[in-house]
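Subject: Structure handover

Hello,

Here is the structure for your files. My notes follow below it.

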Amino acid sequence: MELFEQNVEWKRQEFAPLSFWAWNDEMNDGSIRMQIKEFHDQGFGGFFMHSRGGLLTPYLSDAWFDACRTAAKEARKYGMQAWIYDEDGWPSGFAGGRVNGLGEEYVSKHFEFFTSRPDDDKRIIAAYKKTGASYQRCEYSEAELWAVYELENDYADLLSSRVTKAFLNITYERYKEELGEYFGETVPGFFTDEPQFFRTGYPYSFELKDYFKIRNDYELEEGLYYLLPSFQDEKSRKFRLDFWNTIEEMMTENFSRQIFDWCDRNGVIFTGHYPGEDSLIHQMTSTAGVMPKYAYMQMPGIDHLGRRITSIILTKQVTSVAKQLGRKKVLSETFGCAGWDIPFEDLCYIWGWQASAGINVPVLHLGAYTMRGIRKRDYPAFYSYQEPWWKEFHHISDWLSGIGYLMAKGRWLEDVLVINPIQSIYCTHGTDQYFTDQERQIAASYRQLCDCLLDIEVGFDIGDEKVLRDYASASNGTLKVGNCSYRYIIIPRSVYLDEMTWSLLEEFYKSGGNVIFTDTIPSGKEKRKWVTQCPVVSNVRRFWLKYFASIHYHRKVSVYDQSGFYLASGLNVAVKKDGKILRAYIWNLQADSTRSLILKAEGKQRVFEVNPETLQRIEQINTCFDGDGNTLFTFELSKKQSMLLEMEEGALKSSKNDWSESRQQIKGDFCRTEDNCLTIDYASFSLNGKDFSDRCPIVKLHPKLYRELGKHPTEFIHVRYEFDNRLSGIDSDLKVAVEERDCVDILCNQISVFHQRQGWYMDREFGLYAVGQQTVKGKNILELIYRMKQSEVKDTEGMFETEVNRFFYPVEPEAVYLLGDFNVSTADSYKKFLTHLRVKGESSVPEFYLEDSAKLHGMQDVTRQGLWFYRGNITQCLYITKMPGEKVLIEIKNPHAALVEVRCSEKTYAAYQPPYRIDLTENLRTGENKVELILYGTNRNLLGPHHHQKGENLFVGCNTFKGEKGYEDSLFYFDLGKDTWTDDYSFVPFGCDSVEIIRISE
């Protein structure tokens, strides 16, 4: 074992994770300093000061900037970065309502077509009458079709140059005035979040007509009707191209480039991400193409949300532009919406997918200033102190920064360029509500092509035609795009390429380059002689594999399946050349099985595995040379595992092969390390302390409460919770955790415990109160009394997301949590599913009650042994005997936990990726040894979501908890109606399948 490189900590710190830090309450200097230290202690390199729903400190006020200065000063103290988030909520561009508040010219607009005359002629852009199968412009009085613009008063017009100037003056210039002394180092730059044109209808701006006329040399009104999906001829294709290119260029030039230039002049970085990046079709509803906009970001970025692996297009678009334009860092806002129970192995799995494409700056969505009220349902998990595994998170931070640091070194070896077919999408696009069959086919074929290339280990980048226009040249069989060079260009299924692109392709082909068409040659170009000489490959994996085999395509590193020595499927093999070192990062897509693989590398190489967390290198002994002088390395990849290898020329390390291995399964019982919990998430309310409503779920109580308050305003409200105590005796240590903000009294069975606070639980806003002496056998009532700040709340139903994203209630009664030494039991039945457990009430909502604590049995799952809502850890002691000369390893099979720790002879090992195997040899003495095994819990079973029909969700947001179908469901579940609620409770298992001791001896 050897250290990878001396004195690299300051280098890897460049790639340390950054917190997407939600400022969502009254910002307090002491709390700001405390949380920054906590981020620092867990290996974060900095944070984004992110105004978020729940914020009480007025945005852009003097108090806001006082908080920003406190954060910047504290960040400087720790050598961290304090990034600016450029909006109040999201999407960016409206300055919390200040920009759109300047008047109609600044407000977001879109237009639609109507077959009846609108009431307000001032909103008419153009009017048309029918002429045969087409239309022509006419007077309003003669018209049969009107193009009419509408206003979205809650957002700004980002197609307008004037609007972006106002946004810069209100936001960026103010930050420069207040924090300019920190610019460039402590405050590196600004993050923009999902800037867009309005997603409904067709985008419009008061500046559109003039811009369109200058760009296209005819008037916009002449052909607007060609945007209707019913028109699919050459004239409509020409107009669509002109229209969507105009829209894309207006947003790029007027928004992205203006901010990029401002940041460049002021020595800061413009970063962030745009909406709808995953697919070309969704880009059409918000940006009309993201790749040209990445060119105007000093650090381009993406959004990778949910516990899922996204399209390769999402990651390849941004890293391609970054490579081509020499941007060394690429950001990803990641891990949001993954749910409270995302294990560390999934964090590595998801980040490994992104890192293998070249993304190297993780922004962790999100860290919570507080999680009180509805804030706790703000797209969890949270990567901050409220998590039970928080003090172990430095392992992940170091792993992330290590991967980023190592994969940023050296040069990429991709020599294939895939042309982005978004111009073809322009030609065929329908509307935001109706995507044409042709555009769907183009988009699907493009994604399939990229998937095929990835699967046959052909490294590729994506080339956007507008980036090529500005940065590409061809000579000597090579297409040079900025800093990158390509020998092969693949044209996806397309109906159109720009003439400039055709000229570039011809020049490239005639200089000796390779041009390959997918499925077919675009109509009208098949008569060009050079085009007819290019291969056309059917867009299927086996045909792409045959094509690259037929041209003897050279891979410096390739990975084969041991069973048949064919290229292994389901991997992402990323290869870089770093001086004399060949570095390969191999990421395994498969989530359910171990794979036996062989790596083949050019030349005679020593092979080292690098641990990204520690940067230690271990030379691999399962290596040999083949008859052609290549290196073969046999290895295994467990499910979701990735491996970072480095190869350098040299003689192979000799090794002994006469080792034998034996396995012994260990049996034992876990015990919990903390108090058990019961979440009480049903309550009733009263406006007078006497007449209480029916019990209902807390997540449904807020709107009911505020509807009543709107009718009958009052100064105080009472919220009542019930629990059933069947303990055999009095538990004097029984406590209740309460979100105490705005609470003026806490009663247990009509006895106040308000002055018996005993610290906090989970979040510093959750007070812990002793209720053991007031608890009785049977039914118990907890009552919380709140002082109301205001009775009326804004109705956000149907409003734009700028308002919805910032919404919260003035006072928010929430669930309460009982803690103590007890079991939680239920008389109702439960059913075990593949991913979760479901407790089902026989005739109504399942009921849980407290019983005496009981010993846990076995390892497989403790949740259903009375720990239904438990968020703490579980542990057990093992006794392992070591014989002289043997190696001893421990392997934890399929842990259902955030991570695993093993403590042995005062040494602590963390395991957070498959195969969860730890070599204990160095810390075991000959004879018997005591070893402690710890599984870390999560907030999932305490906080839910408990009541979603699907039980366990891979994309979790506000609606997942409320039982209302939202964006979160649309990505995965097409069979759900609007109501996703169930009265049943769902939980996830906690434990492991088994524990094995592995003994290796000569």
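At 11% relative accessibility, Tyr547 counts as buried (buried means under 20% relative accessible area, exposed over 50%, partly exposed in between; 1.4 Å probe, protein chains only). Tyr547 sits in helix α17, residues 541-550 (helices are DSSP runs of H or I with at least four residues, strands are runs of E with at least two, numbered from the N terminus). Its C-alpha atom is 9.8 Å from that of Ile516, 31 residues apart along the chain.

Please note that this is a predicted model: local features need pLDDT of at least 70, side-chain atom pairs count only at pLDDT 80 or more, and totals for chains, interfaces and linings use all residues. Residues are numbered from 1 along each chain as its sequence is written, and side-chain values use heavy atoms, without hydrogens and water.

Next, strand β28, residues 595-601. Five of its seven residues are buried, so the strand is largely enclosed by the rest of the structure. β28 pairs with two strands (a pair needs at least two DSSP bridges):

- With β24 (residues 557-561), the pairing is antiparallel over five bridges. Ile598 of β28 faces Tyr560.
- With β32 (residues 631-637), the pairing is antiparallel over seven bridges. Leu597 has Phe635 of β32 as its bridge partner.

Last, Glu797. This residue lies in the loop between β45 (778-787) and α19 (801-804). Glu797 counts as exposed, at 69% relative accessibility.

Best wishes
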